[in-house]
Amino acid sequence: MILTARLLLPISDPPILDGGLFIRDGAICAVGKASELIREFPTEPHDDLGSAVILPGLVNAHTHLELTGLHGRLPLGKSFTEWVTALLDLRSELDDAFFTTSARLGTTTLLRSGVTCVADITTFGRSVAPLMAAGLRGIIFQEILGPHPEQAMERLDAAEKAIQSLQLQTDGSLLSVGLSPHAPYSLSEPLLLRCAELLRRRNLPATIHLAESPEEVAYIGLGLGPIASELLPAVGRHSPSHRVCGESPVAFIDRAGLLSEQLLAVHGVHVGGADLELLKQRGVALAMCPRSNYYLNVGTAPLTRYLASGLRVGLGTDSLASNETLSLWDEMQFAHRLYGGVVKAQQLVTMATLGGATALGMAGAIGSLTPGKWADLTAMAIDHLDDADPYGSLLSQASDGLVVLSMVEGKIVYQREGAER
Ligand SMILES: [Zn+2]
């Protein structure tokens, strides 16, 4: 089929006014001017979306869909430690039905916002079924925590079994499976070492919350601060479960053997010059979550340095436990204001598409509208497109409600009500 619209943003190539794609067997066969495609493939069915922008499907590089139902139930704008402690307390009271409903709601919300690929962290495996039913692509990361060194073996065994179960469930789907050691402060050093060994042995992708807060920096480097005095004692741990030797979180995680091209580090708010060099050397990818950082009062990530450094950088919303919406459009618009226009609309749209795909190791298959890649795309109805500033006019007007349709491998996975084709 030929799909055309007022504007096509391939991302890896310049915008095409009155552009379109020729899709066959789920893949993009040709990209160009609508008139040329219609002339070249005259017998193909043609669907014109009118005043709309076609772009690659969005990649949400960091979510916890099982926590969607926590919206408004945690203290935002206070301290990071207060938030984590409240989250752990609340999570222990929730039941399976809550996580199942949350994951379903989160998946529907992603679909409505133009997401076609997601990196989701799961504790109970409840996001698998809705993501598969929705036909979305992505990586499901099994979460693992455990600050008590003596629990390391048992926790790792449980995580490995959970991974095997997730792999069985996702077999033949567009979802793959990885491991998410939660954060440098919530796993003991022996458990982090075992996670690194498991990741190498099974060649799995990984993701970790890294260098998120000043509290994490103080705890990893000095064994001090509210994580040592409040958070860990609340779970029965009264001394650091790692060798305290003045390291940054990034250096500590490298010593544990976790920094690699297979690692997606989330947040990266507190990363110094030496840390940045280490991340580059190891080929680590990053997921930025600017609104979550803002709501948890942890600081602002050095995004301009990351983009200039050539690191792979994607964009995520995090969960509704630390954010107001799961919309990547809201995330891009917030980041545009936060970085005062220093980070351009084009860079943000690229982060939310090709950047995320690159960070997840999927750029050979998705992330840009390029012949040979899968037809994973979304389309946004935009009335007033400024031809001289296509990315800016898209970003300033875009919202979830304007998503017309999304496709994964050429199949429609979302279509706005009343816009059935
Ligand atoms: Zn998170």
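The centres of domain 1 and domain 2, taken over C-alpha atoms, are separated by 31 Å. The structure is a predicted model, in which local features need pLDDT of at least 70 and side-chain atom pairs count only at pLDDT 80 or more, while totals for chains, interfaces and linings use all residues. Residues are numbered from 1 along each chain as its sequence is written.

Domain 1 consists of 2-56 + 368-415, and domain 2 covers 58-359; such bounds come from an automatic or database domain assignment. Across the boundary, 21 residues of domain 1 are in contact with 24 residues of domain 2, where contact means that C-beta atoms, placed from the backbone, lie within 7 Å. The elements below each supply at least two residues of the side of domain 1 that touches domain 2. Helices (H or I, at least four residues) and strands (E, at least two) are DSSP runs, numbered from the N terminus.

| Element | Residues |
|---|---|
| Strand 5 | 52-56 |
| Strand 14 | 377-381 |
| Helix 15 | 390-397 |
| Strand 15 | 403-408 |
| Strand 16 | 411-415 |

Helix 15 gives the largest share of this side, four residues. By class, the side has twelve nonpolar, six polar and three charged residues. Here Ala, Val, Leu, Ile, Met, Phe, Trp, Tyr, Cys and Pro count as nonpolar, Asp, Glu, Lys and Arg as charged, and the others, Gly among them, as polar.

The protein as a whole has 15 helices and 16 strands. Its radius of gyration is 21 Å, close to the 22 Å that the globule rule gives for 421 residues, so the protein is as compact as a globular protein of that length. This radius is taken over C-alpha atoms, and the rule is 2.2 Å times the number of residues to the power 0.38. Of the 421 residues, 54% count as buried. A residue is buried if 20 or more other C-beta atoms lie within 10 Å of its own, exposed if 12 or fewer, and partly exposed in between.

Glycine 361 lies in the loop between helix 14 (345-359) and strand 14. With 16 other C-beta atoms within 10 Å, glycine 361 is partly exposed.

In domain 2, the axes of helix 7 (residues 214-222) and helix 8 (residues 226-234) come within 9 Å and cross at roughly 100°. Axes are lines fitted to C-alpha atoms, for helices over the stretch in contact, and angles run from 0 to 180 degrees between N-to-C directions. The two helices are therefore roughly perpendicular to each other, a label for angles of 65 to 115 degrees. Glu215, Glu216 and Tyr219 in helix 7 meet Pro226, Ile227 and Ala228 in helix 8.

Note on methods
Contact = placed C-beta atoms within 7 Å. Parallel < 35°, antiparallel > 145°, perpendicular 65-115°, else oblique.
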